[in-house]
Amino acid sequence: MKFFVDTADVDAIRELNELGMVDGVTTNPSLILKSGRDILEVTKEICAIVDGPVSAEVVALEADKMIAEGRHLAGIAPNIAVKLPLTWDGLKACKVLSGEGKMVNVTLCFSVNQALLAAKAGASFISPFIGRLDDINLDGTELIEDIRVVYDNYGFGTEILAASIRSPNHVADVARIGADVMTAPPDVIRKLASHPLTDAGLASFLKDWEKTGQKIL
Ligand code: G3P
């Protein structure tokens with residue numbers, strides 16, 4: 001499963017990228033706001049750090065304007081994936097931009113039927129938001145499971161990008177199901193390394209090591 005990092009924080013991206021944990025980046029208007037940076041500037045900087053796809057989201061609501069914004073964003077770097085909302089106009093823009101050979105990430109997906117439409121419109125990625133479904137007492141990981149079945153039934157090449165990942169359990173769940181990609185905030189990716197038994201085991205090994213009186217270096 002590919003790891004995308006869901007942030008516009010350049011320092012966090014750089015740190016995780018050096019560890020080989022970043023196959024791509026996703027941003028959205030809220031993350032741009034959080035970064036306090038200009039969208040074009042920060043996106044260009046991220047594209048220079050990361051080799052994989054960097055999603056940059058349009059904000060227009062009509063297809064023509066989405067297409068114009070998408071072309072502008074795609075001009076930032078060859079690894080831009082234009083992020084479009086899953087609306088009828090978003091699907092129209094997806095069809096046009098993917099037809100021009102641009103990567104498109106269709107976002108704000110909350111149902112299998114929406115995912116089907118995005119695949120038929122030529123999306124490179126579909127982003128089902130699992131945390132936001134869990135927030136309203138629905139099952140986000142079940143949606144990933146359903147989309148996996150439907151895409152595999154018909155051989156759609158659109159990659160399932162599990163988004164709105166809030167916890168290490170979400171990561172393990174979507175990996176088990178076979179999501180192609182997951183995008184998570186940097187702190188969730190860091191948390192994947194933690195286990196209380198690792199900490200306890202290390203503490204007891206070091207205690208015994210001290211008793212040997214030895215040194216390695
Ligand atoms: O990639 C989409 C993601 O940023 C949404 O996450 O936690 O705001 O639902 P969240």
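Helices (H or I, at least four residues) and strands (E, at least two) are taken here as DSSP runs, numbered from the N terminus. The model is predicted, and local features require pLDDT of at least 70, side-chain atom pairs count only at pLDDT 80 or more, while totals for chains, interfaces and linings use all residues. Residues are numbered from 1 along each chain as its sequence is written, and side-chain values use heavy atoms, with hydrogens and water left out.

The protein chain contains 11 helices and 8 strands. Its C-alpha trace spans about 70 × 40 × 30 Å along the principal axes. Residues are called buried under 20% relative accessible area, exposed over 50%, and partly exposed in between (1.4 Å probe, protein chains only). Of the 217 residues of the protein chain, 46% count as buried.

Two surface patches may be considered next. Patches are made of residues with over 30% relative accessible area and no salt bridge; like charges are joined within 9 Å, and nonpolar side chains (Val, Leu, Ile, Met, Phe, Trp, Tyr) within 5 Å. A salt bridge is a side-chain nitrogen of Lys or Arg within 4 Å of a carboxyl oxygen of Asp or Glu. Accessible areas come from the Shrake-Rupley method with a 1.4 Å probe, and for residues only the protein chains shown count as cover. Asp and Glu count as negative and Lys and Arg as positive, whereas His and the chain ends are not counted. The place of a charge is taken as NZ of Lys, CZ of Arg, CG of Asp or CD of Glu.

D134, D139, E142, E145 and D146 form a negative surface patch. Helix α8 (residues 140-154) supplies the largest share of this patch, 3 residues. D146 is found in helix α8 and is partly exposed, with a relative accessible area of 34%. A nonpolar surface patch is formed by L202, L206, W209, I216 and L217, which together have about 640 Å² of accessible area. Within this group, L206 is found in helix α11 (residues 196-212) and is partly exposed, at a relative accessible area of 48%.

Rings of Phe, Tyr and Trp (its six-membered ring) pair if their centres lie within 6.5 Å; planes under 30 degrees apart count as stacked, over 60 as edge-to-face and the rest as tilted. By this rule the count comes to 4 aromatic pairs. F110 and F129 form an edge-to-face pair, 5.7 Å centre to centre with 70 degrees between the planes. This pair links distant parts of the chain, 19 residues apart: F110 is in the loop between β5 (103-109) and α6 (112-120), and F129 is in the loop between β6 (125-128) and α7 (130-135). F110 is partly exposed at 32% relative accessibility, whereas F129 is buried at 9%. Y154 and F156 form a tilted pair, 6.4 Å centre to centre with 55 degrees between the planes. Y154 is exposed, with a relative accessible area of 61%, and F156 is partly exposed, at 22%. Ring pairs link Y151, Y154 and F156 into a cluster.

Most residues other than glycine have a negative phi. L108 has a positive phi, near 60 degrees; L108 lies in strand β5 and is partly exposed at 32% relative accessibility. N137 likewise has a positive phi, near 70 degrees. N137 lies in the loop between α7 and α8 and counts as exposed at 73% relative accessibility.
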